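These are my notebook entries on a structure that I went through chain by chain. I set down what I looked up and what I found.

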Amino acid sequence: MSLDVLWRYLPSLVFGFGVTIFCWSVGGALGMALGFAIALGRRLRLPPLRWALRAYIEVFRGTPFLMQLFLLYAAGPSIGLKLSATAAGVLGLGLYSSAYFAEIFRAGFGGVPVGQIEAARSVGMSKFDTLIRVELPAALIAAVPSIVNMLIVLSKETVVLSIITVPELMYQMQTMAAETFTAFDAIFAMAVFYWILVEAVSRVGSKVEARVTAYLVSQGARA
Amino acid sequence: MKPEVILRSFGYLTDAAGVTIAVSFAGIFIGFAIGALICAARLSRRRWLKRLGGAYVSVFRGVPLLVQLLFIYYFLAEFGLDVPAIVAAVGGLALSSAAYQAEILRGALNAVPRGQEEAAVALGFTGLQIWRRVLLPQALRISVPPLINEFILLLKASSLVSVVGIAELTRVSMNIASMTYRPLEAYVGGGLFYLAINLTLAGFGALAERRLAAGDTR
């Protein structure tokens with residue numbers, strides 16, 4: 001290991017880390033928003049819309065993320081979609097994860113007991129009120145563990161962005177490796193770094209889950 | 001969009017799809033063998049084995065596959081061992097998949113009700129018989145749908161082995177894109193192949209799930 005090399009390249013690595021976090025958070029937020037919209041859209045009684053959304057989910061879950069990135073970044077210009085590498089990366093993360101988030105939210109809605117919805121309707125709540133006040137809170141809380149899990153998966157997918165030259169951490173590290181002939185050290189450092197990142201996120205995630213579960217239990221005890 | 005570009009490179013794409021499927025199959029099978037060992041280690045009574053298994057799963061699930069692949073590719077080169085790219089590719093997929101498969105198997109074993117093991121002990125089954133006749137048949141049945149799911153994930157992840165130079169579906173799509181200057185057609189073509197393979201696999205998964213569920217109610 002050559003620590004002085006790592007030290008010399010520290011500024012570019014820190015910058016790369018910033019780009020990684022940026023892509024991850026914006027891509028994840030975009031994916032969640034899109035996924036939520038898709039999950040809501042699939043509840044409407046519009047068969048063509050349902051089929052289209054189903055096809056969307058199958059396509060984005062059925063093809064590799066790398067392929068989707070190439071399509072966005074390399075093939076985008078031929079249909080008039082010129083994106084910078086970072087924009088393509090963020091959009092790609094958003095589109096890719098939206099398919100998974102849509103399924104997570106759908107499962108969340110599916111887990112709400114029918115009795116609660118019927119009760120809300122028979123008490124005289126409108127459909128909209130039932131959705132906002134009864135279904136949504138329960139569905140979102142039920143979805144928390146899966147959302148955390150997906151965010152962890154997504155944090156690892158950001159590495160793939162380096163292949164389309166998004167200047168994130170992996171890309172910076174590879175540049176360093178190429179310039180200083182320290183491929184092994186760089187990749188070793190990389191492995192350790194991502195492992196710590198993922199461990200940290202999953203620790204925080206299980207804390208959040210524990211709190212949500214505790215909240216649910218306390219609610220259940222009160223009811 | 002010129003669909004004839006896809007049609008003309010159809011032969012290349014089918015060959016490449018074959019490579020993708022072969023690499024993924026090799027990865028899932030070797031991964032299953034390693035995964036079974038890791039699972040056994042995690043369920044063992046010896047604490048150091050348990051820790052070791054846990055550490056393996058944590059590391060291989062926590063480090064992105066791309067980093068793992070490059071690490072394997074460069075790690076052995078560091079010791080003057082020139083591994084062929086295909087070995088690094090299959091090895092990387094297998095090692096990473098093993099961590100996920102170990103967790104699937106562990107989950108499946110835990111899902112077999114405790115009472116069954118106790119009942120088997122009470123009936124005088126030996127340890128090996130309990131495994132062979134009670135635990136394994138049920139655990140394997142439970143683990144089939146998640147294992148097919150893992151296979152789909154691995155097949156998609158195999159697109160990453162293009163970076164070590166394996167001529168699989170993603171790599172060949174890239175080559176077609178750069179040869180024909182038609183990236184849209186090349187990547188749509190490659191994507192359709194992935195989609196066809198994965199939808200077929202998902203179909204098998206749904207079928208397996210239905211058949212296994214039918215066996216459950218008997």
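**Entry 1: chain A, overall**

In what order do the elements of chain A run from the N terminus on? I read α-α-α-α-α-α-α-α-α. I noted that this is a predicted model. The count for chain A is nine helices and zero strands. I took the extent along the principal axes next: the C-alpha atoms of chain A fill a box of roughly 70 × 45 × 25 Å. Chain A has 223 residues, and buried residues make up 37% of them. I then looked at contacts in chain A between residues at least 6 apart in sequence, and found that 76% of these join residues at least 24 apart.

**Entry 2: chain B, overall**

I repeated the reading for chain B. Along the sequence, chain B follows the pattern α-α-α-α-α-α-α-α-α, with nine helices and zero strands. The C-alpha atoms of chain B fill a box of roughly 70 × 50 × 20 Å along the principal axes. Of the 218 residues of chain B, 43% count as buried. Among the contacts of chain B between residues at least 6 apart in sequence, 77% join residues at least 24 apart.

I also looked up the confidence values. Chain B averages a pLDDT of 89, and 98% of the residues score at least 70. For the model I recorded ipTM 0.86 and pTM 0.87.

**Entry 3: where the chains meet**

How many residues of chain A are in contact with chain B? I found 27 residues of chain A in contact with 28 residues of chain B. On the chain A side, the elements that give two or more residues are α3 (47-62), α4 (65-73) and α9 (183-222). Of these, α9(A) gives the most, with 10 residues. By class, I recorded 21 nonpolar, three polar and three charged residues on the side of chain A that touches chain B.

**Entry 4: the largest nonpolar core**

Which residues touch the most other members of the largest nonpolar core? Among its 115 residues, I noted A:Phe105, B:Val67, B:Leu69 and B:Ala89. The largest share of this core, 14 residues, comes from helix α5 (residues 85-111) of chain B.

Setting aside residues up to four places away in sequence, B:Ala89 touches B:Val23, B:Leu69, B:Val161, B:Val164 and B:Ile166. I note as background that nonpolar side chains tend to be buried together in soluble globular proteins.

Is A:Val90 buried or exposed? A:Val90 is buried, because 25 other C-beta atoms lie within 10 Å, against a cut-off of 20 or more. I located A:Val90 in helix α5 (residues 85-110) of chain A. Leaving aside neighbours within four places in sequence, A:Val90 is in contact with A:Cys23, A:Val26 and A:Gly27. I also looked up A:Thr20, which is 70 residues from A:Val90 in sequence and 10.0 Å away in space, C-alpha to C-alpha.

A:Ala139 is found in helix α7 (residues 127-157) of chain A. With 21 other C-beta atoms within 10 Å, A:Ala139 is buried. Not counting residues up to four places away in sequence, A:Ala139 touches A:Phe105, A:Gly108, A:Phe109, A:Gly111 and A:Val112. By contrast, I found 23 Å between the C-alpha atoms of A:Ala139 and A:Ala52, which are 87 residues apart along the chain.

**Entry 5: a helix pair in chain B**

At what angle do helices α6 and α7 of chain B pack? I noted about 145° for helix α6 (residues 114-122) and helix α7 (residues 127-157), with their axes 10 Å apart. The crossing of α6(B) and α7(B) is right-handed. B:Gln116, B:Glu117 and B:Ala120 of α6(B) make the contact with B:Ile130, B:Val134 and B:Leu135 of α7(B). By class, this contact has four nonpolar, one polar and one charged residues.

Most residues other than glycine have a negative phi.

The phi of A:Thr165 is near 65°. A:Thr165 is placed in the loop between α7 and α8 (169-180) of chain A, and counts as partly exposed, with 14 C-beta neighbours inside 10 Å.

B:Tyr181 has a positive phi of about 55°. B:Tyr181 lies in the loop between α8 (169-180) and α9 (183-217) of chain B. Is B:Tyr181 buried or exposed? I recorded B:Tyr181 as exposed, because it has 9 C-beta neighbours inside 10 Å, where 12 or fewer is the cut-off.

Definitions and conventions. Residues are numbered from 1 along each chain as its sequence is written. Chains are lettered from A and ligands numbered from 1 in the order in which they are written. This is a predicted model: local features need pLDDT of at least 70, side-chain atom pairs count only at pLDDT 80 or more; totals for chains, interfaces and linings use all residues. Helices (H or I, at least four residues) and strands (E, at least two) are DSSP runs, numbered from the N terminus. Two residues are in contact if their C-beta atoms, placed from the backbone, lie within 7 Å. Ala, Val, Leu, Ile, Met, Phe, Trp, Tyr, Cys and Pro count as nonpolar, Asp, Glu, Lys and Arg as charged, and the others, Gly among them, as polar. Axes are lines fitted to C-alpha atoms, for helices over the stretch in contact, and angles run from 0 to 180 degrees between N-to-C directions. A crossing is left-handed if the near helix is turned anticlockwise from the far one by less than a right angle, and right-handed if clockwise. A nonpolar core is a set of buried Ala, Val, Leu, Ile, Met, Phe, Trp, Tyr and Cys residues joined through C-beta atoms within 7 Å. pLDDT is the predictor's confidence in each residue, from 0 to 100.
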